Amino acid sequence: MDRSHSDASERTVLNGDERSYGATDNDAPVKAVVRTPLDMKQIAVLSLARVAEPLTFTILFPFVNQMILDTGQVEVEDVGYAVGLVETSFSLTQVVFLIFWSRAADSWGRKPVLLASLFGAMLASVIFGFSSRMWQMYAARCLAGIFGGNASVIRTLFAENSDRTNQAKAFGYFSFAANIGSLVGPMMGGFLAQPAKEYPRLFGHSRLLTAYPYALPCLIAALYVLVTMVLCMVYLREPPRAKTDHAMTVREALRDPMPRMLLIYGVTVSAAFSLSALLPTHLFTPIGLGGQSMRPAQIAAVTAAAALAQSLWLLAIMPALDLRLGTRRLFTWTAAWYPLVMAIPVLASVAARSGSMRWSYALLGSYVTLGSGTTMTFTSVQLLVNSTTPPAALSLINGIAQMIAATVKSIFPALINAVYAYGISHQVLHGYLAWLAMALMASAVMVGSWCAPEEPKIVLVEAEDEA
């Protein structure tokens with residue numbers, strides 16, 4: 001979609017106070033704008049590229065414990081520590097290099113930086129699959145982190161390929177693609193690891209896959225990234241960018257209300273990532289301790305159903321709500337819902353403990369269907385960050401936002417599971433201590449939504465009216 005066409009279609013109808021960017025605490029001008037369709041070819045290519053990072057990040061989860069143990073360098077009781085280092089080495093390295101990639105995207109263009117990041121992700125995936133020593137695993141994950149700028153660049157490209165009339169739909173695809181990568185990655189890792197052992201008729205005679213039992217899932221992931229690279233090279237367009245005399249410094253970009261908006265973003269992603277990490281652990285925990293006693297297949301079914309429900313909320317419901325309510329109001333409404341949703345898994349567990357499994361499953365069903373609507377808080381806050389950002393600083397701010405997300409991802413999932421383990425082992429609040437922590441985090445998101453700046457107001461008009 002041509003952004004210049006979209007910008008040209010906007011006209012101020014209440015006053016002449018044009019703002020080039022930014023949400024505001026004051027009364028923003030109301031603009032009449034023509035509804036513009038998304039360029040679905042660009043959105044599709046970007047969505048396929050967005051799958052790459054969560055896919056290559058999560059594909060190792062099912063087998064990394066055994067892979068580390070197979071090296072013979074780590075005792076079984078220390079595997080958990082080694083897994084933590086392998087998983088966090090990516091996020092921590094990514095934090096260090098994200099600003100570099102954001103600056104590079106402004107200097108060299110979005111497309112070259114995206115292709116370079118995808119190439120690094122592909123190479124790191126191959127190296128990890130053929131790793132047989134711990135230092136090789138660490139090196140592969142650090143390499144992936146060094147080239148981990150693709151999510152930031154893709155997020156910027158989503159913003160540059162949408163406008164106020166269709167941004168909610170565009171970022172619905174952005175979040176949907178991330179969910180797909182996070183869902184498919186563990187499935188691929190679980191089914192394709194140790195193929196010579198699991199599928200001897202197909203792979204039992206392969207010396208390569210016998211010697212490197214975890215190479216196949218990593219090679220499949222790398223192949224996906226390669227295909228995505230080719231699609232981006234052929235079909236992705238470099239969007240026009242705002243013309244400025246000089247690149248914005250971090251200090252210039254972080255003018256009020258941007259620091260406040262980034263703080264709200266950080267609180268929101270902390271709650272979102274913590275909840276994603278906590279739910280599978282809670283479902284696996286025995287009922288007597290405060291969980292649901294689910295088998296891995298049942299947990300996979302619940303998480304898959306939740307991902308499907310989230311997709312329906314983001315793609316089918318959120319775009320209309322965003323246009324009708326405005327992004328800030330939608331964020332406020334869904335954030336108000338957030339603390340209440342945290343009570344549903346607790347109620348389901350209480351029902352299971354009392355022997356009412358029918359009520360327990362019904363409550364879990366309501367969590368999966370209705371509770372998944374809280375995913376709109378995550379997407380709404382991303383839209384508000386974009387609307388608060390100067391066009392010349394879009395790549396930089398998205399890089400900072402991704403740094404925040406990467407830092408949160410390396411800390412909060414482990415932290416909330418540690419709180420859960422402590423609460424379960426000591427039966428603090430009957431094992432529901434972590435859900436109290438989640439309710440407090442969700443309440444912080446709700447309070448943050450009250451402090452979010454208003455985005456510029458718009459009124460949709462027909463194209464003929466503009467003529």
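Student: Does Val234 count as buried or exposed, and why?

Tutor: A residue is classed by its relative accessible area, and over 50% means exposed. In this predicted model, Val234 counts as exposed because its relative accessibility is 55%. Val234 lies in helix α12, which covers residues 215-235.

Student: Which residues form a nonpolar patch on the surface with Val234?

Tutor: The patch holds Leu223, Leu226, Val227, Val230, Met233 and Tyr235 together with Val234, and their accessible area comes to about 620 Å².

Student: Is Ser117 buried or exposed, and why?

Tutor: Buried means under 20% relative accessible area. Ser117, at 0% relative accessibility, therefore counts as buried. Ser117 belongs to helix α5 (residues 110-129). Apart from neighbours within four places in sequence, Ser117 is in contact with Trp101, Phe147, Gly149 and Asn150.

Student: What should the 13 residues of helix α6 span?

Tutor: Helix α6 runs over residues 134-146, and at 1.5 Å a residue it should span 18 Å.

Student: Which residues of α6 are buried?

Tutor: In α6, the buried residues are Met134, Met137, Ala140, Arg141, Leu143, Ala144 and Gly145.

Student: Which element has the lowest mean pLDDT, and which the highest?

Tutor: The pLDDT expresses the predictor's confidence in each residue. Strand β1 (residues 11-12) has the lowest mean among the elements of the chain, 30, whereas α12 has the highest, 96. Residues 1-27 have pLDDT below 50, and this stretch has 61 contacts in the model beyond near neighbours in sequence. For the chain, the mean pLDDT is 85, with 88% of residues reaching 70 or more.

Key
Residues numbered from 1 in each chain as written. Predicted model: local features only at pLDDT ≥ 70, side-chain atom pairs only at ≥ 80, totals over all residues. Heavy atoms only, no water. Patch = residues over 30% accessible without salt bridge, like charges linked within 9 Å, V, L, I, M, F, W, Y side chains within 5 Å. Areas by Shrake-Rupley, 256 points an atom, 1.4 Å probe, with all protein chains shown as cover. Salt bridge = Lys/Arg side-chain N within 4 Å of Asp/Glu carboxyl O. Helix = DSSP H or I, 4+ residues; strand = E, 2+ residues; numbered from the N terminus. Buried < 20%, exposed > 50% of the residue type's maximum accessible area, 1.4 Å probe, protein only. Contact = heavy atoms within 4.5 Å. pLDDT = per-residue confidence, 0-100. Expected span 1.5 Å × (residues − 1).
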